[in-house]
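Here is a short briefing on how two chains meet, with a look inside one of them. Have the model open as you read.

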Amino acid sequence: MEIEITLTAGPILPPPPAPGTETGALLEFQGRVRDREEDRRISALRYEVYEAMAEKELRRILQKLGAAHPCQSVLVIHRYGEIPVGEAAIFVRVESAHRGAGLRLLEELMNELKREVPIWKVEAVPC
Amino acid sequence: MPVRVLFFASAREVAGCGQRELPGAEEGWSEEEFWEHLLREIPALETLRPSVRLARNEEYLATGERILPGDEVAVLPPVSGG
């Protein structure tokens, strides 16, 4: 399974998809910053990352999930620093032969990322 | 060689810095011994100890794993990415 991981301080700009003819399912997910955090209105969230370990952990998780739910490729882009409301903090693209493996991998990736990968929301910027 | 300790998120706030060096011991430290040495330097971290995890050289510290001179240890509060 091809794995590509990018951590970026700037806006997420995914490359255009280029699935092969054997790809039956192309899944894309964005985790976006909402305008509320614990019932307060905010203008942005600030994220902090332990970059070297975050990449390693994401790769480890994806290799494990790829063995359980074989897909053709996964692209993960996670942004850090200050992210305005309405913009994406994370982008994931999964290509698989059939939708089942792709959907399961995507869901389990997000669950494991939120438990294990050293990235933190450190500040909710008020309006 | 010293042990380099990194602090992230709330651990950085409590420690008052992003990193600190500890002298390290040739035979290495258990996790318990590491905490003893760290808390002697930064007692305020005691309040975070129950909720943080340690990483050694960019991987979560396994049970029974020792911390050696030259290691990079990170103090990691509960994560909240995505």
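Buried area is the accessible area (1.4 Å probe) that two parts lose on being put together, summed over both. Tyr50(A), Met53(A) and Trp120(A) supply 39% of the area that chain A buries against chain B, more than any other three residues.

This is a predicted model, in which local features need pLDDT of at least 70 and side-chain atom pairs count only at pLDDT 80 or more, while totals for chains, interfaces and linings use all residues. Residues are numbered from 1 along each chain as its sequence is written, chains are lettered from A and ligands numbered from 1 in the order in which they are written, and side-chain values use heavy atoms, with hydrogens and water left out.

**Who touches whom**
- Counting contact as heavy atoms within 4.5 Å, chain A brings 22 residues and chain B brings 19 residues.

**Charged pairs**
- There are three salt bridges between chain A and chain B, each a side-chain nitrogen of Lys or Arg within 4 Å of a carboxyl oxygen of Asp or Glu.
- Arg12(B) forms a salt bridge with Glu48(A), their closest N and O atoms lying 2.8 Å apart.

**Inside chain B**
- Helix α2 of chain B (residues 31-41) has Phe34(B), Trp35(B), Leu38(B) and Leu39(B) as its buried residues, buried meaning under 20% relative accessible area (1.4 Å probe, protein chains only); helices are DSSP runs (H or I, at least four residues) and strands likewise (E, at least two), numbered from the N terminus.
- Seen down the axis of α2(B), these buried residues fall within an arc of 125 degrees, so they line one face of the helix; the arc is taken from the directions from the helix axis to the C-beta atoms.

Technical notes:
Buried means under 20% relative accessible area, exposed over 50%, partly exposed in between (1.4 Å probe, protein chains only).
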